[in-house]
Amino acid sequence: MGADLWRVSRNRPYICKRKYKLREKQYIIMDREKAIQSFKEYTDKYDSTDTKICLKIEHSFKVCEIAEQIARALSVPLEDVELAWLMGLLHDIGRFEQLRQYGTFIDANSIDHAKLSADILFRDGLIEEYRDESLPDGWESICEKAIRLHNKLLLPEDLDERELIFCNILRDADKADIFRVLAEIPYEKRVSSESAPRRDRAREDVMDCVRAHRCVPRFLERTKHEALISQCCMAFELVFDKSRQIVKEQGNLKRLIEQAKAEATTPETEQLSVLEGELKKAGGIL
Ligand SMILES: [Fe+2]
(Lines give C-alpha, C1' and ligand atoms only; values in the text may rest on other atoms or scores of the structure.)
Protein backbone atom coordinates (compact mmCIF):
# COMPACT_ATOMS: atom_id res chain seq x y z
CA MET A 1 0.00 0.00 0.00
CA GLY A 2 2.77 2.41 1.01
CA ALA A 3 4.89 1.73 -2.09
CA ASP A 4 1.89 2.17 -4.40
CA LEU A 5 1.16 5.46 -2.79
CA TRP A 6 4.60 6.84 -3.53
CA ARG A 7 4.52 5.53 -7.09
CA VAL A 8 1.15 7.12 -7.77
CA SER A 9 2.31 10.42 -6.34
CA ARG A 10 5.54 10.43 -8.28
CA ASN A 11 3.85 9.76 -11.59
CA ARG A 12 1.59 12.76 -11.40
CA PRO A 13 2.54 14.96 -14.31
CA TYR A 14 2.34 18.22 -12.40
CA ILE A 15 5.04 17.28 -9.93
CA CYS A 16 7.88 18.93 -11.75
CA LYS A 17 9.49 22.31 -11.52
CA ARG A 18 8.32 24.62 -14.26
CA LYS A 19 7.29 28.18 -14.82
CA TYR A 20 4.42 29.57 -16.73
CA LYS A 21 2.54 32.77 -17.16
CA LEU A 22 -0.87 33.34 -15.73
CA ARG A 23 -2.67 36.65 -15.84
CA GLU A 24 0.50 38.61 -16.72
CA LYS A 25 2.28 37.43 -13.58
CA GLN A 26 4.93 34.78 -13.56
CA TYR A 27 4.41 32.09 -11.01
CA ILE A 28 6.80 29.33 -10.09
CA ILE A 29 5.32 25.94 -9.51
CA MET A 30 6.37 24.30 -6.29
CA ASP A 31 8.94 21.54 -6.29
CA ARG A 32 6.40 19.03 -5.09
CA GLU A 33 8.71 16.09 -5.68
CA LYS A 34 11.15 17.54 -3.16
CA ALA A 35 8.34 18.10 -0.65
CA ILE A 36 7.09 14.52 -1.15
CA GLN A 37 10.64 13.20 -0.72
CA SER A 38 11.03 15.12 2.56
CA PHE A 39 7.67 13.80 3.73
CA LYS A 40 8.70 10.25 2.79
CA GLU A 41 12.02 10.59 4.65
CA TYR A 42 10.10 11.73 7.73
CA THR A 43 7.46 8.98 7.60
CA ASP A 44 10.10 6.30 6.84
CA LYS A 45 11.15 6.67 10.49
CA TYR A 46 7.86 5.04 11.40
CA ASP A 47 6.63 1.51 10.74
CA SER A 48 5.00 1.64 7.32
CA THR A 49 3.77 -1.95 7.70
CA ASP A 50 1.43 -0.64 10.41
CA THR A 51 -2.01 -0.06 8.84
CA LYS A 52 -2.53 3.06 10.94
CA ILE A 53 0.69 4.64 9.65
CA CYS A 54 -0.28 3.81 6.03
CA LEU A 55 -3.70 5.25 6.67
CA LYS A 56 -2.25 8.60 7.73
CA ILE A 57 0.20 8.70 4.82
CA GLU A 58 -2.62 8.07 2.37
CA HIS A 59 -4.86 10.60 4.17
CA SER A 60 -2.13 13.25 3.86
CA PHE A 61 -1.93 12.76 0.08
CA LYS A 62 -5.68 12.76 -0.37
CA VAL A 63 -6.04 15.97 1.67
CA CYS A 64 -3.35 17.53 -0.55
CA GLU A 65 -5.36 16.71 -3.65
CA ILE A 66 -8.67 17.92 -2.25
CA ALA A 67 -7.16 21.13 -0.82
CA GLU A 68 -5.73 21.82 -4.28
CA GLN A 69 -9.10 21.21 -5.95
CA ILE A 70 -10.86 23.56 -3.52
CA ALA A 71 -8.21 26.26 -3.95
CA ARG A 72 -8.44 26.01 -7.76
CA ALA A 73 -12.23 26.26 -7.60
CA LEU A 74 -11.83 29.48 -5.60
CA SER A 75 -9.64 30.88 -8.40
CA VAL A 76 -6.92 31.92 -5.97
CA PRO A 77 -3.48 32.74 -7.42
CA LEU A 78 -1.32 29.75 -8.27
CA GLU A 79 1.07 30.41 -5.39
CA ASP A 80 -1.89 30.02 -3.01
CA VAL A 81 -2.83 26.73 -4.69
CA GLU A 82 0.70 25.52 -3.91
CA LEU A 83 0.30 26.57 -0.28
CA ALA A 84 -3.05 24.78 0.00
CA TRP A 85 -1.41 21.63 -1.40
CA LEU A 86 1.49 21.85 1.05
CA MET A 87 -0.79 22.42 4.04
CA GLY A 88 -2.69 19.28 3.06
CA LEU A 89 0.53 17.26 2.95
CA LEU A 90 1.74 18.45 6.36
CA HIS A 91 -1.42 19.00 8.39
CA ASP A 92 -1.30 15.65 10.20
CA ILE A 93 2.47 15.18 10.44
CA GLY A 94 2.13 14.93 14.23
CA ARG A 95 -0.05 11.82 13.87
CA PHE A 96 3.00 9.56 13.45
CA GLU A 97 4.58 10.72 16.69
CA GLN A 98 1.19 10.63 18.41
CA LEU A 99 0.82 6.96 17.49
CA ARG A 100 4.43 6.14 18.48
CA GLN A 101 4.20 7.83 21.86
CA TYR A 102 0.62 7.04 22.84
CA GLY A 103 -0.49 4.17 20.60
CA THR A 104 -3.70 5.95 19.64
CA PHE A 105 -5.12 8.60 17.32
CA ILE A 106 -7.65 9.69 19.92
CA ASP A 107 -6.55 13.16 20.99
CA ALA A 108 -8.58 13.07 24.21
CA ASN A 109 -6.57 10.05 25.37
CA SER A 110 -3.21 11.38 24.19
CA ILE A 111 -2.32 14.79 22.76
CA ASP A 112 -3.83 17.47 20.49
CA HIS A 113 -2.45 16.16 17.17
CA ALA A 114 -2.93 19.51 15.39
CA LYS A 115 -0.82 21.28 18.01
CA LEU A 116 1.76 18.49 17.85
CA SER A 117 1.89 18.77 14.03
CA ALA A 118 2.37 22.55 14.20
CA ASP A 119 5.00 22.23 16.95
CA ILE A 120 7.02 19.62 15.02
CA LEU A 121 6.97 21.84 11.93
CA PHE A 122 7.30 25.34 13.34
CA ARG A 123 8.85 24.95 16.80
CA ASP A 124 11.24 22.09 15.97
CA GLY A 125 11.98 23.53 12.50
CA LEU A 126 10.91 20.67 10.21
CA ILE A 127 9.15 23.21 8.00
CA GLU A 128 12.57 24.37 6.71
CA GLU A 129 12.65 21.24 4.53
CA TYR A 130 9.53 22.45 2.73
CA ARG A 131 10.61 26.04 2.11
CA ASP A 132 10.09 26.80 -1.59
CA GLU A 133 10.40 29.93 -3.68
CA SER A 134 6.95 29.38 -5.17
CA LEU A 135 5.15 29.97 -1.88
CA PRO A 136 3.41 33.33 -1.27
CA ASP A 137 4.65 36.00 1.15
CA GLY A 138 3.76 35.25 4.74
CA TRP A 139 3.08 31.57 4.00
CA GLU A 140 4.70 30.30 7.19
CA SER A 141 2.33 32.02 9.59
CA ILE A 142 -0.75 31.13 7.52
CA CYS A 143 0.40 27.52 7.25
CA GLU A 144 1.11 27.29 10.98
CA LYS A 145 -2.24 28.78 11.91
CA ALA A 146 -4.21 26.55 9.53
CA ILE A 147 -2.45 23.40 10.77
CA ARG A 148 -2.76 24.36 14.45
CA LEU A 149 -6.48 25.06 14.05
CA HIS A 150 -7.49 22.30 11.63
CA ASN A 151 -9.12 20.08 14.26
CA LYS A 152 -10.80 22.76 16.38
CA LEU A 153 -14.57 22.80 16.71
CA LEU A 154 -14.66 26.55 16.03
CA LEU A 155 -12.16 28.96 14.53
CA PRO A 156 -11.15 32.02 16.56
CA GLU A 157 -12.84 35.26 15.49
CA ASP A 158 -9.65 37.27 15.07
CA LEU A 159 -8.41 35.59 11.88
CA ASP A 160 -7.78 37.87 8.92
CA GLU A 161 -9.33 37.14 5.51
CA ARG A 162 -6.41 35.13 4.13
CA GLU A 163 -5.98 33.12 7.31
CA LEU A 164 -9.68 32.31 7.29
CA ILE A 165 -9.66 31.13 3.67
CA PHE A 166 -6.68 28.82 4.19
CA CYS A 167 -8.02 27.51 7.51
CA ASN A 168 -11.30 26.69 5.80
CA ILE A 169 -9.66 25.09 2.75
CA LEU A 170 -7.67 22.77 5.00
CA ARG A 171 -10.58 21.99 7.31
CA ASP A 172 -12.91 21.23 4.37
CA ALA A 173 -10.31 19.06 2.61
CA ASP A 174 -9.60 17.16 5.82
CA LYS A 175 -13.30 16.54 6.46
CA ALA A 176 -13.88 15.42 2.86
CA ASP A 177 -11.19 12.76 3.11
CA ILE A 178 -12.25 11.70 6.62
CA PHE A 179 -15.52 10.48 5.09
CA ARG A 180 -13.48 8.26 2.74
CA VAL A 181 -11.39 6.88 5.61
CA LEU A 182 -14.48 6.18 7.68
CA ALA A 183 -16.28 4.47 4.80
CA GLU A 184 -13.28 2.41 3.65
CA ILE A 185 -11.62 1.35 6.89
CA PRO A 186 -13.39 -0.59 9.63
CA TYR A 187 -13.82 1.21 12.95
CA GLU A 188 -11.64 -1.31 14.80
CA LYS A 189 -8.68 -0.73 12.45
CA ARG A 190 -8.87 3.03 12.85
CA VAL A 191 -9.10 3.52 16.59
CA SER A 192 -6.68 1.02 18.20
CA SER A 193 -8.10 -1.37 20.71
CA GLU A 194 -10.08 1.10 22.80
CA SER A 195 -13.50 -0.41 23.30
CA ALA A 196 -16.41 1.95 22.92
CA PRO A 197 -19.36 1.59 25.28
CA ARG A 198 -22.70 0.74 23.68
CA ARG A 199 -26.21 1.89 24.41
CA ASP A 200 -29.30 1.56 22.25
CA ARG A 201 -29.40 5.11 20.89
CA ALA A 202 -27.47 8.39 20.76
CA ARG A 203 -28.20 10.89 23.52
CA GLU A 204 -30.51 13.80 22.73
CA ASP A 205 -27.77 16.44 23.00
CA VAL A 206 -26.03 14.68 20.08
CA MET A 207 -29.28 14.62 18.09
CA ASP A 208 -29.78 18.33 18.90
CA CYS A 209 -26.58 19.01 16.96
CA VAL A 210 -27.95 17.00 14.01
CA ARG A 211 -31.15 19.05 13.97
CA ALA A 212 -29.19 22.30 14.35
CA HIS A 213 -26.85 21.31 11.47
CA ARG A 214 -23.69 21.73 13.49
CA CYS A 215 -20.67 19.69 14.56
CA VAL A 216 -20.96 17.64 17.73
CA PRO A 217 -18.52 18.67 20.48
CA ARG A 218 -16.09 15.78 21.05
CA PHE A 219 -16.97 15.38 24.73
CA LEU A 220 -20.54 14.42 23.76
CA GLU A 221 -19.55 11.38 21.72
CA ARG A 222 -19.11 8.30 23.87
CA THR A 223 -20.35 5.37 21.79
CA LYS A 224 -19.46 4.12 18.32
CA HIS A 225 -22.91 5.21 17.11
CA GLU A 226 -22.51 8.71 18.60
CA ALA A 227 -19.05 8.94 17.07
CA LEU A 228 -20.47 8.10 13.65
CA ILE A 229 -23.22 10.70 13.93
CA SER A 230 -20.64 13.23 15.06
CA GLN A 231 -18.41 12.44 12.09
CA CYS A 232 -21.30 12.80 9.63
CA CYS A 233 -22.27 16.13 11.22
CA MET A 234 -18.93 17.54 10.07
CA ALA A 235 -20.52 17.76 6.62
CA PHE A 236 -22.92 20.45 7.87
CA GLU A 237 -19.97 22.77 8.40
CA LEU A 238 -18.28 22.37 5.03
CA VAL A 239 -17.64 25.94 3.95
CA PHE A 240 -17.09 25.85 0.19
CA ASP A 241 -19.46 24.67 -2.56
CA LYS A 242 -16.57 22.75 -4.12
CA SER A 243 -16.05 20.79 -0.88
CA ARG A 244 -19.72 19.87 -0.77
CA GLN A 245 -19.57 18.83 -4.42
CA ILE A 246 -16.51 16.65 -3.78
CA VAL A 247 -18.17 14.96 -0.79
CA LYS A 248 -21.34 14.32 -2.77
CA GLU A 249 -19.46 12.97 -5.79
CA GLN A 250 -17.31 10.67 -3.65
CA GLY A 251 -20.46 9.20 -2.12
CA ASN A 252 -18.63 8.20 1.04
CA LEU A 253 -21.00 9.97 3.40
CA LYS A 254 -23.93 8.08 1.90
CA ARG A 255 -21.98 4.81 2.06
CA LEU A 256 -21.04 5.47 5.67
CA ILE A 257 -24.65 5.91 6.76
CA GLU A 258 -25.72 2.79 4.83
CA GLN A 259 -22.95 0.76 6.50
CA ALA A 260 -23.99 2.04 9.93
CA LYS A 261 -27.62 1.19 9.26
CA ALA A 262 -26.66 -2.39 8.41
CA GLU A 263 -25.47 -3.01 11.96
CA ALA A 264 -27.67 -0.57 13.88
CA THR A 265 -30.35 -1.28 16.47
CA THR A 266 -33.89 -0.10 15.62
CA PRO A 267 -33.59 3.17 17.62
CA GLU A 268 -30.17 3.79 16.04
CA THR A 269 -31.63 3.20 12.57
CA GLU A 270 -34.32 5.79 13.27
CA GLN A 271 -31.69 8.29 14.36
CA LEU A 272 -29.64 7.58 11.24
CA SER A 273 -32.71 8.31 9.13
CA VAL A 274 -33.11 11.65 10.94
CA LEU A 275 -29.44 12.37 10.22
CA GLU A 276 -29.89 11.46 6.55
CA GLY A 277 -32.95 13.71 6.30
CA GLU A 278 -31.11 16.66 7.83
CA LEU A 279 -28.11 16.17 5.53
CA LYS A 280 -30.45 16.16 2.53
CA LYS A 281 -32.14 19.33 3.85
CA ALA A 282 -28.72 21.00 4.11
CA GLY A 283 -28.43 20.53 0.34
CA GLY A 284 -25.65 19.46 -1.98
CA ILE A 285 -23.85 16.96 0.27
CA LEU A 286 -25.85 13.75 0.15
FE1 LIG B 1 -5.86 16.09 11.57
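At what angle do the axes of helix α3 and helix α5 cross? In this predicted model, the axes of α3 (residues 51-73) and α5 (residues 94-102) cross at roughly 165° and come within 10 Å. That angle makes α3 roughly antiparallel to α5, since angles over 145 degrees count as such. The crossing of the two helices is right-handed.

On the α3 side, the contact involves K52, I53 and K56, which meet R95, F96 and L99 of α5. By residue class, this contact of α3 with α5 holds 3 nonpolar residues, 3 charged residues and no polar ones.

The chain as a whole contains 14 helices and 2 strands. Of its 286 residues, 36% are buried. Among contacts in the chain with a separation of 6 or more, 67% are between residues 24 or more positions apart.

Helix α7 (residues 139-149) is largely enclosed by the rest of the structure, because 8 of its 11 residues are buried. The buried residues of α7 are W139, I142, C143, K145, A146, I147, R148 and L149. Their cover includes three other helices, α4, α6 and α8.

The table lists the residue ranges of the helices that take part in covering α7.

| Helix | Residues |
|---|---|
| α4 | residues 78-90 |
| α6 | residues 113-123 |
| α8 | residues 161-184 |

Methods: Residues are numbered from 1 along each chain as its sequence is written. This is a predicted model: local features need pLDDT of at least 70, side-chain atom pairs count only at pLDDT 80 or more; totals for chains, interfaces and linings use all residues. Axes are lines fitted to C-alpha atoms, for helices over the stretch in contact, and angles run from 0 to 180 degrees between N-to-C directions. Helices (H or I, at least four residues) and strands (E, at least two) are DSSP runs, numbered from the N terminus. Angles under 35 degrees count as roughly parallel, over 145 as roughly antiparallel, 65 to 115 as roughly perpendicular and the rest as oblique. A crossing is left-handed if the near helix is turned anticlockwise from the far one by less than a right angle, and right-handed if clockwise. Two residues are in contact if their C-beta atoms, placed from the backbone, lie within 7 Å. Ala, Val, Leu, Ile, Met, Phe, Trp, Tyr, Cys and Pro count as nonpolar, Asp, Glu, Lys and Arg as charged, and the others, Gly among them, as polar. A residue is buried if 20 or more other C-beta atoms lie within 10 Å of its own, exposed if 12 or fewer, and partly exposed in between; C-beta atoms are placed from the backbone.
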